Every structure is written in C-alpha cells, then in structure tokens.
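Let's take a walk through this model together, one piece at a time. Keep the picture open while you read.

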Amino acid sequence: MIVAERKPIEEIIGFVKNCKKILIVGCNECVTVCYAGGKKEVGILASALKMAFTKEGKELEITEVTLERQCDHEYLEEIRNIIEDYDAVVSLACGVGVQFMAEKYPRTLVFPGVNTSFMGVTEESGVWSERCQGCGQCILGQTAGICPISRCAKRLLNGPCGGSTNGKCEINKELDCAWQLIIDRLKELGRLDDYDKLIPIKDWSTERAGGPRKVIREDLRQ
Amino acid sequence: MRLSYPDSIRIIRLPCSGKVDVIHMMEAFQKGADGVYVAGCLEGECHYLTGNLRAKKKVEYTKKLLDEIGVGGERLAMYNIAASDGPRFAEVAKEMHEKIKALGPSPIREALQKKKAA
C-alpha cells in the first residue's frame with residue numbers, strides 16, 4: 001500500500017486560512033489502512049481546524065466526505081456537483097489522489113493534508129516500512145523475494161557493500177542489511193547457488209530516472 | 001461512602017477506556033470543555049487486557065494535536081483508578097478541577113462565549 005503521514009495542522013491551517021468554506025476529502029484505500037487519511041482522520045482534522053479557527057474568532061464551514069478512492073475517475077465524480085461550492089479542498093489521499101483531484105477540478109484549490117511517504121507494508125500495528133520503489137523491472141525472482149532496490153541504501157545488485165556489519169546497514173544500526181536478508185533466505189531455501197549468478201547492469205530507464213511513466217493496455221482501452 | 005467531588009465534572013460512561021477515541025476528546029474541546037480526563041482501570045488490570053493502555057496512547061496523541069492548535073495538551077489527562085476506589089476517584093476529580101481552574105477557561109470556550117455575546 002501507499003503509506004502516508006498526516007501533515008502538521010499548522011501547515012494545513014496555512015493553506016486554508018483565508019477560506020470560509022472547505023471540503024475535506026478522505027480516501028478509503030491505503031491512507032485509511034495507515035491511519036493517515038481515512039474517515040476517522042477526516043473527522044479529527046475537521047475538528048482541529050474548526051477549533052483553530054474558533055480560537056482566532058473566525059468561522060470555517062467544513063464538509064467531510066470520504067471517497068472509495070481518489071485515484072479513479074468514477075469515485076472523484078461523486079463530488080462533481082458539490083465541489084464548486086467550496087473555497088478549497090483538503091485531500092487526505094496520497095499525492096496521487098491530490099493530483100487527480102486537482103486535474104479533474106481545475107477551478108478548485110486543492111491542498112494536500114498528508115505527506116506521502118512510500119510503498120510499504122504494515123510490519124506491526126503502528127509500524128510501516130518501505131518495500132518497493134516501483135523501478136519498473138522487478139528482480140525479486142533473483143533475490144529470494146527481498147528487494148535490494150528498496151531495502152539496500154545503495155541499491156546494490158550483487159551482494160552487500162563493506163558497510164554491512166553483523167547483518168545491519170552502516171547508515172543505521174537498526175536497519176537490516178538487505179543483502180544479509182537475501183543471503184540468509186537463499187540459504188534457508190537451499191538456493192545459495194543463485195547468489196553466484198551475476199545480476200546484469202540494471203536498465204534504469206524504466207525507473208523514475210526515465211521521466212514520468214505510463215502503462216498502456218490497448219486491450220482495455222476504450 | 002457519600003464522598004463529594006466538584007460539580008464541574010461531567011461523566012461520560014463508556015464500557016472501557018479503550019473505547020475512547022481521539023475524535024471524542026477533540027469534540028469535547030470543540031464544544032467548549034475546559035479540560036478532559038480519561039479515567040481507566042489500573043494498568044495491568046484491564047478486563048479487556050489492553051484497553052487502558054490503548055487509551056493512554058490515544059490521550060498522548062490527542063495532547064499533541066491540542067498543542068498544535070494552541071488549545072494546550074495540558075488540558076487533557078489520563079488517570080488510572082480502580083473501579084472500587086471511590087476515595088481516589090473523588091481525589092482525582094478534585095485534582096483535575098484545581099488544575100483546570102488554575103489554567104483558566106479554554107481559548108475555545110472563551111471564543112464561543114464571545115461569539116454568543118456578539
């Protein structure tokens with residue numbers, strides 16, 4: 001899922017300080033699961049903003065809506081009839097949702113309510129960590145299902161660097177060395193021979209370095 | 001026991017302190033409460049095992065939010081009181097009453113009153 005964190009309230013107040021009527025839009029997908037932008041967080045932000053405005057002797061009318069997703073036309077269409085009634089929208093979706101909203105409704109100010117962090121997993125309740133960088137060419141089949149692109153600080157493809165100590169990365173003693181994890185798992189699977197196979201130089205053009213990307217499926221296109 | 005406690009305290013009954021959510025505490029302040037405290041069971045004695053520990057974390061999180069919007073996290077507190085300990089319940093109520101009295105009215109209540117008077 002896409003993991004996000006709520007923005008400081010002060011930053012959001014800064015966005016909407018001159019507004020009289022705003023719409024706060026949550027998203028029922030990833031940001032709900034990581035407690036950053038679901039229905040509950042929409043309510044909390046609305047309450048916090050109302051108090052901040054009341055304290056300053058100002059009034060702010062807030063409508064709360066949580067859509068199934070903000071990265072698809074069909075769900076964003078649900079607010080088409082009401083969106084222009086508001087001075088601004090605060091979207092608690094990830095950066096994708098915020099942009100799609102802004103793209104669809106060019107006459108409305110759209111502000112982000114969360115900082116989008118990464119694509120990751122829920123390690124345990126309240127702890128999320130990165131697992132994928134969307135490099136466009138998955139090599140997990142060669143690395144025992146552990147990604148050195150997202151989990152090795154140097155994105156090394158053929159074994160650890162000299163900074164790997166006792167299974168930990170040199171940039172942070174809490175961080176597992178991805179290559180240590182890969183080797184341990186290969187051993188466990190009885191496939192340590194795979195470690196000897198050189199992974200060729202990666203084609204980074206499918207990664208972000210090649211510019212914004214697009215996937216097209218002609219069979220699904222209308 | 002016939003113990004008395006300050007009449008400024010308004011009790012909201014919940015099945016477990018773990019049921020308290022951030023939004024409940026926020027809305028109490030939004031409606032003008034000068035202070036809020038959550039009274040849970042003693043740590044280690046939760047009937048649902050971790051309800052009071054979860055409440056404590058939610059209180060801490062809400063305190064930060066209240067600080068961020070300038071209401072003041074010190075107006076919110078978590079207490080652990082045994083269900084059978086009436087004297088401690090009355091003591092805590094008095095302690096919180098005094099603490100909030102010393103802090104004065106919440107800026108939200110003051111703003112709401114000003115608005116009502118205008």
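Axes here are lines fitted to C-alpha atoms, for helices over the stretch in contact, and angles run from 0 to 180 degrees between N-to-C directions.

Which residues meet here? From α3(A) come A:M51, A:T54 and A:K55, and from α4(B) come B:P107, B:I108, B:A111 and B:L112. By class, that makes 5 nonpolar, 1 polar and 1 charged residues. Nonpolar covers Ala, Val, Leu, Ile, Met, Phe, Trp, Tyr, Cys and Pro, charged covers Asp, Glu, Lys and Arg, and the others, Gly among them, are polar.

## A word on the model

This is a predicted model: local features need pLDDT of at least 70, side-chain atom pairs count only at pLDDT 80 or more, and totals for chains, interfaces and linings use all residues. Residues are numbered from 1 along each chain as its sequence is written, while chains are lettered from A and ligands numbered from 1 in the order in which they are written.

Helices (H or I, at least four residues) and strands (E, at least two) are DSSP runs, numbered from the N terminus.

## Where the chains touch

Now zoom out a bit. 14 residues of chain A are in contact with 16 residues of chain B, where contact means that the C-beta atoms, placed from the backbone, lie within 7 Å. On the chain A side, α1 (9-16) and α3 (39-55) each give two or more residues. The largest share, 10 residues, comes from α3(A).

## The sheet in chain A

Chain A also has an open sheet of 4 strands, in the order β3-β2-β4-β5, with parallel pairing; strands pair if DSSP finds at least two bridges between them. β3 (61-67) and β5 (109-112) stand at the edges with a single partner strand each, so one side of each has no neighbour in the sheet. The twist averages 25° from one strand to the next.

Further in, β2(A) and β4(A) pair over 4 bridges, and A:I24 stands opposite A:V90. α1(A) lies across β2, β4 and β5 of chain A, running at about 160° to β4(A).

Key: Contact = placed C-beta atoms within 7 Å.
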